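Hi,

Have a look at it first, then read on.

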Amino acid sequence: MNSIKEILSKYKKIAIIGISKDTTKASTIVMGSMQKYGFKVFPVNPNMKGETILGEKVFGKITDISETVDIVDVFRPSKEAVDIARDTVYIGAKVLWLQLDIKNSKAKEIVEASNIIYVDNKCTKIEYEKHFN
C-alpha cells in the first residue's frame with residue numbers, strides 16, 4: 001500500500017502542520033482543496049492555537065488532536081521533520097507526508113522503523129488531482 005493513489009484513497013484524516021491565516025499561502029490552499037475532496041483536515045500551528053481556519057479549530061501540535069490522524073502533512077522546513085516524525089509515531093498516524101521541496105532522511109528512518117509510510121517532495125493536493133480528477 002505504498003502507492004500515492006492507495007494512500008489518498010484509504011486515509012481520509014489529515015493533520016496539516018504549518019497552516020497559515022493567509023488564504024493565499026500553499027498550506028491553506030491545500031487545506032481547502034482537501035476539505036472539498038472529502039478529507040477531514042486538522043490545521044496545526046502553535047501560533048494560531050484555538051483559532052479557526054476554514055471552519056476548523058487550529059491545534060498547537062499534532063499531539064493535541066484527540067481524534068485519529070491518518071496523514072501528517074508537513075509545510076515546515078526540512079530540519080523540523082525529525083521532531084514531527086517522532087510525534088507522528090507517537091500519535092500512531094499511518095503516513096508522514098512532506099510537501100514539495102521538503103525531505104529528511106532521519107525523519108524517514110524514524111517513521112519507517114514504526115511501519116509508517118514516508119512520502120516526501122510531493123503535494124497532497126496535486127497528487128490527489130493527478131489521480132482522481
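**What I found**

E127 and K130 are 3 residues apart in helix α5 (residues 124-132), so about one helical turn separates them. Helices (H or I, at least four residues) and strands (E, at least two) are DSSP runs, numbered from the N terminus. Before the rest, some housekeeping: this is a predicted model, in which local features need pLDDT of at least 70 and side-chain atom pairs count only at pLDDT 80 or more, while totals for chains, interfaces and linings use all residues. Residues are numbered from 1 along each chain as its sequence is written, and side-chain values use heavy atoms, with hydrogens and water left out.

**Salt bridges**

E127 is buried at 7% relative accessibility, whereas K130 is exposed at 54%. (Buried is under 20% relative accessible area, exposed is over 50%, and partly exposed is in between, using a 1.4 Å probe and protein chains only.)

Another salt bridge joins E51 and K21, at 3.6 Å from N to O. E51 sits in the loop between β2 and β3 (52-53) and K21 in the loop between β1 and α2 (26-36), so the pair ties together parts that are 30 residues apart in sequence. E51 is partly exposed, with 31% relative accessibility, while K21 is exposed at 54%.

K40 and E56 make a salt bridge too, with 2.8 Å from N to O. K40 belongs to strand β2 and E56 to strand β4 (residues 56-57), so to speak distant parts of the chain, 16 residues apart. K40 is partly exposed at 28%, and E56 is buried at 19%.

**The sheet**

In which order do the strands of the open sheet run? There are 5 of them, ordered β2-β1-β5-β6-β7, and the pairing is parallel. The edges are held by β2 (40-44) and β7 (117-119); each has a single partner strand, so one side of each has no neighbour in the sheet. On average, neighbouring strands here are turned by 15° against each other, direction ignored. Those angles come from lines fitted to C-alpha atoms (for helices over the stretch in contact), and run from 0 to 180 degrees between N-to-C directions.

Two strands count as paired if DSSP finds at least two bridges between them. Strand β1 (residues 13-17) pairs with strand β5 (residues 71-74) in the parallel sense over 4 bridges, and A15 has V72 as its bridge partner in β5. β1 also pairs with β2, again in the parallel sense, over 5 bridges; there K13 stands opposite K40. Of the 5 residues of β1, 4 are buried, so the strand is largely enclosed by the rest of the structure.

V41 is part of strand β2 and is buried, at 0% relative accessibility. Its C-alpha atom is 10.0 Å from that of V72, which is 31 residues away along the chain.

**The largest pocket**

How many residues line the largest pocket? The lining has 15, and I17, P46, G60, R76 and E80 lie nearest the centre. A pocket here is an open set of points on a 1 Å grid over the protein atoms alone, where a 1.4 Å probe fits, with protein on both sides within 12 Å along at least five of seven lines; lining residues have an atom within 4 Å of a point. The volume is about 280 Å³, meaning the space filled by probe spheres set on the points, which are joined across faces, edges and corners.

Helix α3 (residues 81-91) gives the most to this lining, with 3 residues. By type, the lining splits into 6 nonpolar, 4 polar and 5 charged residues. Nonpolar covers Ala, Val, Leu, Ile, Met, Phe, Trp, Tyr, Cys and Pro; charged covers Asp, Glu, Lys and Arg; the others, Gly among them, are polar.

**Two backbone angles**

D101 has a positive phi of about 70° although it is not a glycine. It lies in the loop between β6 (95-98) and α4 (105-112) and is exposed at 70% relative accessibility. N121, also not a glycine, has a positive phi near 55°. N121 lies in the loop between β7 and α5 and is partly exposed, at 30%.

Cheers

How values were computed. Salt bridge = Lys/Arg side-chain N within 4 Å of Asp/Glu carboxyl O.
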